[in-house]
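Okay, thanks for coming, everyone.

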Amino acid sequence: MSAGRHRMRSNVHAAGAAAAVGVLAVTAGGYFGYQQLAQSDCSGKIDLAVAVATELAPAVDAAATQWEQDGAAVGGTCIDVTVSASEPVEVAATVAAKHGATLAGVGQASGTAVSPDVWVPDSSTWLLRLKTGGATAFDPGNGSSIARSPVVVAMPQPIATQLGWPEKKLSWVNLVQRVNSSKPLKTGIVDPTRDAAGLSGLLSLTTAASAGKDAQKETVGALRALATGRSNLRQDLVAKFPTAEDPTTIARSLGAAALSEEDVIAYNNKKPPVPLAALYLEPASIPLDYPYAVLPGIEPAKASAARVLFEVLTTPAFRNRLAAQSLRAPDGNWGEGFTAPPGAPSPAGGTANPPSNGGGAAGDLDPGAIERAVSSWSIATQSGRMLCIIDVSGSMKAKVPTANNATRQQVTVAAAQRGLNLFDDSWQIGLWTFSTKLDGNKDFRELVDIGPLSGQRGQLEQALAGIKSSDGDTGLYDTVLEAYKRVQENWDPGQVNSIVLFTDGKNDDDNGISQAQLVAQLEAIKDPERPVQVVLIGIGSDVSKAELKAITDVTGGGPFVTEDPNSIGAIFLKAIALRKSGN
């Protein structure tokens, strides 16, 4: 029986066609379909490139190898599967770059990486982030799950025992209380912009914090605690757990971190001096669901091969291959040979339970919550130098029905105040307002000079609280030009230097410069060695995105427009999080 030659690679390689935007739906079929396609003789070869999350790759590789040995073929053509063990963040960067999506914290794709034909990341959150990040036709609902691993809080067993593990049921609220106590538990996280388990843990922790009496304080406290112990790589994080049993070492080491169940099992299999407990906190976090995403744009024969491979990966035999890798089946149960940690539920719960038809979990995920969590994290863990400018023209007095009839001014100021709470003391922030003839003949008023928050947070809070709308018009162009010059003057090479301006209208200043004059002057003074990014946030239906884009096309940054002023807070967080070093 002829079959293709199966290969396993450790990273993404240049094989297969480049992916187009979108995901081809894969439905669970019967093994009969696979048997019908396997032929005793075949000619030619279909190369199928499959990028799989590292911990799942051995199971997929073994199943594909067996499939080829049994005569994998479609329409008389042999199938040659190449399985690449790939970190999801690396493939996500490649797909994002190809389709114009921007993912906070992910960074640039490798110059040699090529999109696979099939991608199996560890979580549907990657597919959803690509869609909300700009790959608008990317449909995350079509990635059918082929494995599962609950996201747990990993904790040294001596600490977990003190909390009542494994008998006592613990919640995320309990963890928030420990994190924000006078003697806080040392927590850590793999950067949630780059790690799906970290993102799941962040969502659970911040959701629990936001339900408290002082939601803003609790949430910021949780973010700060996680940021202190964060790592970019999972292996770096787990290296912070205690390496000796003595109380001093345990007290000084990492005390809790969001990891997958598979991570904890793999760690304990190495027989460390202090094993980890897996705490299944309530409510259950979003699990890792390993969606099988076939990237379209490939030729029909490859698409057919990918569909049949999916059938191979949903057989009872594959469930046992998953168990050998300490992974569960999509329904949360496990196969033969799985060694569950103490207290492990069966089946595993989670907020993204796979539908009974074998569909993916993305349909149960809240894209807004994910975007807010990622943006808040990015702001809380980075620093920058920023001049914030708020429109105080007469139109900002308009009421916002979706915000209990608060004015546009009040909604905008509240968004800026919430953002200020997320910035740590390493940020440098300044504050202006603008309209027309707001300060003599100037369209802008300088309220607080750009300076470290460590010395002027109170001054900024007071200035924001005192902002009132004027009766003037919108002197946008003069304000942007003067702000750009000011930020450029004292440019800081160690920071992202930026302007963030809120406005609810078009430029309306008969005595000011024109759009053509503004663009020409910005072109003349911009310096690639001293970039200043301009983020323009438009509020309401009177804003012209084209007008804003004409400015940011010169400066870098970008326009963000929302017709509903009540969503300005989320837009503000997203805009800050997506700033880049350089233009």
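Let's start with a helix pair: the axes of α15 (408-422) and α16 (residues 453-465) come within 10 Å and cross at roughly 165°. That makes α15 roughly antiparallel to α16. On the wording, angles under 35 degrees count as roughly parallel, over 145 as roughly antiparallel, 65 to 115 as roughly perpendicular, and the rest as oblique. The axes are lines fitted to C-alpha atoms, for helices over the stretch in contact, and the angles run from 0 to 180 degrees between N-to-C directions.

Before I go further, this is a predicted model, so local features need pLDDT of at least 70 and side-chain atom pairs count only at pLDDT 80 or more, while totals for chains, interfaces and linings use all residues. Residues are numbered from 1 along each chain as its sequence is written, and side-chain values use heavy atoms, with hydrogens and water left out. Helices (H or I, at least four residues) and strands (E, at least two) are DSSP runs, numbered from the N terminus.

Back to our pair. α15 passes α16 in a left-handed crossing, meaning the near helix is turned anticlockwise from the far one by less than a right angle; clockwise would be right-handed. Who touches whom? On the α15 side we have Val413, Ala416, Gln417, Leu420 and Asn421, and they meet Leu453, Arg457, Leu460, Glu461, Leu464 and Ala465 in α16. Contact here means heavy atoms within 4.5 Å. By class, the residues of this contact are seven nonpolar, two polar and two charged. For the classes, Ala, Val, Leu, Ile, Met, Phe, Trp, Tyr, Cys and Pro count as nonpolar, Asp, Glu, Lys and Arg as charged, and the others, Gly among them, as polar.

Next, α7 (196-210), which packs against two helices I want to show you. The axes of α6 and α7 come within 8 Å and cross at roughly 80°, so α6 is roughly perpendicular to α7. From α6, Trp172, Val173, Leu175 and Val176 meet Gly201, Ser204, Leu205, Ala208 and Ala209 in α7. That contact divides into seven nonpolar, two polar and no charged residues.

With α14, the axes of α7 come within 10 Å and cross at roughly 95°, and therefore these two are roughly perpendicular as well. Here Leu199, Leu202 and Leu203 in α7 meet Ala369, Ile370, Ala373, Val374 and Trp377 in α14. What classes do we get? Eight nonpolar, no polar and no charged residues.

The largest pocket has a volume of about 810 Å³. Of its 36 lining residues, the closest to its centre are Thr206, Thr207, Ser210, Ala369 and Arg372. Which helix gives the most to the lining? That's α7, with seven residues. By class, the pocket lining has 19 nonpolar, 12 polar and five charged residues.

There are also five cavities of 30 Å³ or more in the whole structure, and the largest cavity has a volume of about 150 Å³. Of the 13 residues lining that cavity, the closest to its centre are Thr102, Ala104, Arg129, Glu371 and Val374. α14 gives the most to this lining, with four residues. The classes are six nonpolar, four polar and three charged.

How are those spaces defined? On a 1 Å grid over the protein atoms alone, a cavity is a set of points where a 1.4 Å probe fits but cannot get out, and a pocket is an open set with protein on both sides within 12 Å along at least five of seven lines; lining residues have an atom within 4 Å of a point. Points are joined across faces, edges and corners, and a volume is the space filled by probe spheres set on the points.

Last, the backbone. Most residues other than glycine have a negative phi, and most peptide bonds are trans. Here, the Trp165 to Pro166 bond is cis, with omega near 0°, and Pro166 sits in the loop between α5 (157-162) and α6. Ser346 and Pro347 are also joined by a cis peptide bond, omega about 0°, with Pro347 in the loop between α13 (316-324) and α14. And Lys271, not a glycine, has a positive phi of about 55°; look for Lys271 in the loop between α11 (261-269) and β11 (276-279).
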